[in-house]
Amino acid sequence: MKKLKIGVAGLGRAFAVTAPAFRDPRVQVVAGADPRPEARRRFRQEYKARVFPTVEALCADPAVDVVYIATPHQFHAGQAQLACRAKKHVLVEKPMALSLEDCRAMNDAARDNGVQLIVGHSHSFDAPILLAKKLVETGTHGAMRMITALNFTDFLYRPRRPEELSTEAGGGVVFNQAAHQVDIVRLLAGGKVRSVRAATGIWDMARPTEGAYSCQLNFDNGVFATLVYSGYAHFDSDEFMGWIGEMGQKKDPKAYGAARKALRGDELRLKARRNYGGPEFKQSKASAHQHFGVFVVSCEEADLRPLPTGVMIYAEREKRLERLPKPRIARAEVIDELYGAVVEGRAPLHSGESAMATLQVCLGMLESARQQKEIAL
């Protein structure tokens, strides 16, 4: 079996939550790059791999087959093109980039250099979402008509760098969290988004970026979807998921308000301490599949609801759980797609072109919200 040799660009939170997938026997982590010496030290010890202070040095390593780009959003476009020019396949975190022009440049670089470009992790990789898509495609429950998505979290009150609180720099919940919801509903709906109408909320001037949104998408196949998200750390919609968190971990309902209480003092220092290589870093332990809040897929003859344990089917004559086995390796679906594209020649679901369409919807949400505010004025 061919092993894909992965070099990791950026040893922060995105890498940390995807790292369990790299235990898959089809891949081997051989190198990593990060400007923080504490992250490089831990990475070298944990993976027995080479470390570099720059992504340029990582891309020059001849042993690397795939560069996994897990750096801050504003660096994705340039680093992906650098990796492509070095003839490396690319797995880049969402959002793919911050502009459609950058997305086009990334896709052109991958095509011109004959390499694969896959965008993820987004929660449309999650096994319960893929199972819901499969159940819809059987046609057993009639045609899909509507999708409802809802997620309430503490996203805005986790320690942030300044650019994470600036929309222009790729901060806020539209760039960071709508990318998940939009990707999921696009995958499930199976059509192209025809129209976007959205409203956004910026309700805490100490954190001056979008913390909430409500959006309606209409697809060219007649499906419509409603997306609601709030990161203002009040209601926690994991209550609707049996207190299973986004990473598949069990949550303590009594820990309500923990994010706000912990956000004291220097945020950069807090973030560094909790980040990979920091003294307070903890790896989440999953007991179920990952998720991104509540989704209800309404077909003509049933509603389907993905859960951390499978998909609930609410049909005319029955209510049952289509159960999934517990995840063997978290985010193994990402490796399935990466390996399938690079080694087996299968077209990836989460291609650069697909991720560009997701970003186009997110940008449309911001523009729709802006236009509505101008009309109100």
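## Close-up views of the predicted model

**P95 lies in the loop between β5 (89-92) and α5 (100-113).** Helices (H or I, at least four residues) and strands (E, at least two) are DSSP runs, numbered from the N terminus. The peptide bond that leads from K94 to P95 is cis, and its omega is near -15 degrees. The structure is a predicted model, in which local features need pLDDT of at least 70 and side-chain atom pairs count only at pLDDT 80 or more, while totals for chains, interfaces and linings use all residues. Residues are numbered from 1 along each chain as its sequence is written, and side-chain values use heavy atoms, with hydrogens and water left out.

**The peptide bond from G120 to H121 is cis.** Its omega is near 15 degrees. H121 has its place in the loop between β6 (117-119) and α6 (127-137).

**K48 and R331 have positive phi values although neither is a glycine.** For K48, phi is about 50 degrees. This residue belongs to the loop between α2 (37-47) and β3 (50-52). With a relative accessibility of 69%, K48 counts as exposed; the term exposed means over 50% relative accessible area, buried means under 20%, and partly exposed lies in between (1.4 Å probe, protein chains only). For R331, phi is near 60 degrees. R331 is located in the loop between β14 (319-323) and α10 (332-342). Its relative accessibility is 7%, so R331 counts as buried.

**Helix α7 (residues 173-189) contains 17 residues.** The expected span of a helix is 1.5 Å times one less than its number of residues. Because 17 of the 17 residues of α7 are buried, the helix is largely enclosed by the rest of the structure. Just after α7 comes G190, with a positive phi of about 75 degrees.

**Six strands form an open, parallel sheet in the order β3-β2-β1-β4-β5-β6.** Two strands pair if DSSP finds at least two bridges between them. Strands of a sheet pair through backbone hydrogen bonds, either parallel or antiparallel. At the edges of this sheet stand β3 and β6, each with a single partner strand, so one side of each is left without a neighbour in the sheet. From one strand to the next, the twist averages 25 degrees; axes are lines fitted to C-alpha atoms, for helices over the stretch in contact, and angles run from 0 to 180 degrees between N-to-C directions.

**Strands β1 (residues 4-9) and β2 (residues 27-33) pair in the parallel sense.** The pairing extends over six bridges. G7 stands opposite A31 in β2. Helix α10 packs on the sheet and touches β1, β2, β4 (66-69), β5 and β6, where contact means heavy atoms within 4.5 Å. The direction of α10 makes about 120 degrees with that of β1.

**R26 and D24 form a salt bridge.** The closest N and O atoms of R26 and D24 are 2.8 Å apart; a salt bridge is a side-chain nitrogen of Lys or Arg within 4 Å of a carboxyl oxygen of Asp or Glu. Side chains of opposite charge can pair when their charged atoms come close. R26 is buried, its relative accessible area being 17%, and D24 counts as buried at 2% relative accessibility. A search of the whole structure finds 24 salt bridges.

**A salt bridge joins the side chains of E38 and R36.** The N to O distance is 3.8 Å. E38 has a relative accessible area of 25% and is therefore partly exposed, whereas R36, at 17% relative accessibility, counts as buried.

**E164 and K271 meet through their side chains in a salt bridge (3.3 Å, N to O).** This pair links distant parts of the chain, as E164 is in the loop between β7 (144-152) and α7, K271 is in helix α9 (residues 267-274), and the two are 107 residues apart. E164 is buried, with a relative accessible area of 16%; K271 counts as buried at 16% relative accessibility. Both residues belong to a network of salt bridges that links R160, R161, E163, E164 and K271.
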